[in-house]
Amino acid sequence: MTGPGGDPSDDPTRPLQRVGPEPRPDRPGAGASLTARTARGFAWAFTGTVGQAVLQIGATVALARLLTPDEFGAAAAALLVVGLTQLVTQLGVAASLVHREDLGERDITAAFWFSVLTAAVFAAVLALGAPVLSPLVGLPADSGLLPLLSIALLLAGGAATPLGLLQRDLRFRSMATVDLVAAGPALIGVSVALAAAGFGASALAFGEIAAGAAKCLGYLALTRPRLRPEGPSATWARLRPLLGYGAGFSLAQLGNWFALNADKLVVANALGTAPLGVYGRAYNLLSEPANIIGGAADKALFPAMARVRDDGPRLRAAYVRSASLVALVTAPAAVLLCVLAPEVVRVLLGDQWDAVVPLVQLFALVLLPRTSYKISTSLTRATGAVYRAAWRQWLYAGYVVALTVTGGLLWGLTGVAAGASLAIVIHFLVMLQFSARVSPGLMGAVLRMYLKHLPALVLTVVATWGVATLVRPLGIDLLTLAAAAAAGGVATLRTLVVLRSRFAPELSVVRSLRGGGGPPPGARPEAPEPAPVGPAAPDAPTVQLPAVGSTAERR
């Protein structure tokens, strides 16, 4: 039995294929084309997510002054149900389109109508079952948020297939444009305008609908998939291989969803929607940096890894280099957020949100593992090991529940945040060990990579904390933020300049963004790289892939 694209089915008992030692870099320039495309794809995806984050920060500043914590919490509770329903409806079809080796127009048509019809069914269930579902997340039975957000669920079903096609074709520039429109005029513009008009929590729901419409229409306009369906039997025959991979992917995604949202469910049911609003503000402040780095990287890294999924050495090189690039950006951001949390909260949210500060500091401490473990998720998706990853996601959900419930009973909101943070660290180590089974030596290579980042991390902490301590007595939050952030940034960059020989592989990826990542003079031109069709021969020459980034989910 085979899975999508003719790959062996993912038997949970089958060990990952082990590969030989790291290849010699005796063919400079080989693999540079895919590397350059991946790096440029990351750059465009990163640009899009940075733009969205900047807009989101502006919206946060405005909405924190227009809505109460209880209204934020009500919208967050409703979005929990919608997010879970969306995962169930799509069954990983979009990821299957990226992973599949051979893909025809009729396969795309079948995937599109499957996503739309299943989304329509669940949207109806969500709207009609709102009186039963709303109390499960702390909302009143007569709340109108779930029926309203069922429209956003239907739009997400229409966007799933064209999104997968855009990722498959590495069209990140076009995706970034659509995403910025969805995040700016649609989501944020509508939400802020309606919140100012007094719509309360419904303003956030209407913003989600506007963003869903922008993405659905934009992605469809870019891909223009064939929309004339075949008969039921022919459609099902085309869906079966897609769902074979997609079902395992969705099983892992469901486990990850519960892991990401178990803490919010605990807060909503045990403490109420107002504490959920406070917790959600802290969570979102830290999820923005994670989304910028992890979300952009996953968009580029997953399809790139899928193209070389049978080449263990290149996957290993991609993993290590991606983790290093993520650390270069994430570690300084974590230091700044942890040290400057009081100023960040007061400037962005206002004095009425001081309860958010200790939660932000806790989440900042685990920003690096929170972002980095997603590289393992990209790797397992690319190699088709979705079922073996799924039970680890459910295990993650289990200890999130156990640790957050225990922490909440002992220390309230701070205890929930501490339990969620500890769960992130544990899962990062579990997924790193799982990824190390791809090839011998991966664990050691990753740990050595993190060690080389320690000098920059230490100097960034000293510079940021020292300047913040000197400037903070003046009582000017913006001045403290600017001075300490500048000191931390200078310390990081100076350390990288002094130790630039250690970071030559990472800098080569940065050069490829400017078109400088091609082969050196005199190197043989690279032939077009075919899609992988099976394991490479043992004596076939292989090269390292200078890949980038980590992944997309929010935690």
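Begin by selecting helix H15, residues 374–383, in this predicted model. H15 is mostly covered, with nine of its 10 residues buried. The buried residues are Lys374, Ile375, Ser376, Thr377, Ser378, Leu379, Thr380, Arg381 and Ala382. Just after H15, select Gly384, whose phi is positive, at about 85°.

**Aromatic pairs beside H15**

The structure holds 10 aromatic pairs. For one of them, display the side chains of Tyr373 and Tyr396: the ring centres lie 5.9 Å apart and the planes meet at 85°, so this pair is edge-to-face. Tyr373 belongs to the loop between helix H14 (367–372) and helix H15 (374–383), whereas Tyr396 belongs to helix H16, so the pair ties together parts that are 23 residues apart in sequence. Are these two tyrosines buried or exposed? Tyr373 has a relative accessible area of 1% and is buried. Tyr396, at 0% relative accessibility, also counts as buried.

Tyr399 is buried, as is Tyr396.

**His427**

Next, select His427, which is placed in helix H16. Its relative accessibility is 0%, so His427 counts as buried. Which residues does His427 touch, leaving aside those up to four places away in sequence? The contacts are Tyr373, Arg392, Gln393, Tyr396 and Tyr399. Both residues of the edge-to-face pair, Tyr373 and Tyr396, are therefore among the contacts of His427.

**Further rings**

Now select Trp257, Phe258 and Trp394, which ring pairs link into a cluster. From there, move to Tyr283 and show the side chains of Lys264 and Arg370 with it. Lys264 lies over the face of Tyr283, 3.5 Å from the ring centre. The charged end of Arg370 also sits over the ring of Tyr283, at 4.6 Å from its centre.

**The salt-bridge network**

Side chains of opposite charge can pair when their charged atoms come close. The count for this structure comes to five salt bridges. To see some of them, select helix H12 (residues 341–348) and display Glu343 and Arg346. Arg346 forms a salt bridge with Glu343, and the closest N and O atoms are 3.8 Å apart. Because Arg346 and Glu343 are three residues apart in helix H12, about one helical turn separates them. Arg346 is partly exposed, with a relative accessible area of 28%, whereas Glu343 is buried, at 0%.

The side chains of Arg472 and Glu343 meet in a salt bridge, at 2.7 Å from N to O. This pair links distant parts of the chain: Arg472 is in the loop between helix H18 (454–471) and helix H19 (477–498), while Glu343 is in helix H12, 129 residues apart. Arg472 is partly exposed, with a relative accessible area of 34%.

**A nonpolar surface patch**

For the last stop, return to helix H16 (residues 386–435) and select Leu409, which is placed there. Leu409 has 72% relative accessibility and counts as exposed, as the cut-off is over 50%. Show Val401, Val405, Leu410 and Trp411 as well: together with Leu409 they form a nonpolar patch on the surface. The accessible area of the patch residues together is about 550 Å².

How values were computed: Residues numbered from 1 in each chain as written. Predicted model: local features only at pLDDT ≥ 70, side-chain atom pairs only at ≥ 80, totals over all residues. Heavy atoms only, no water. Patch = residues over 30% accessible without salt bridge, like charges linked within 9 Å, V, L, I, M, F, W, Y side chains within 5 Å. Areas by Shrake-Rupley, 256 points an atom, 1.4 Å probe, with all protein chains shown as cover. Salt bridge = Lys/Arg side-chain N within 4 Å of Asp/Glu carboxyl O. Helix = DSSP H or I, 4+ residues; strand = E, 2+ residues; numbered from the N terminus. Buried < 20%, exposed > 50% of the residue type's maximum accessible area, 1.4 Å probe, protein only. Phe/Tyr/Trp six-rings, centres within 6.5 Å; stacked < 30°, edge-to-face > 60°. Lys NZ or Arg CZ within 6 Å of the ring centre and 35° of its normal. Contact = heavy atoms within 4.5 Å.
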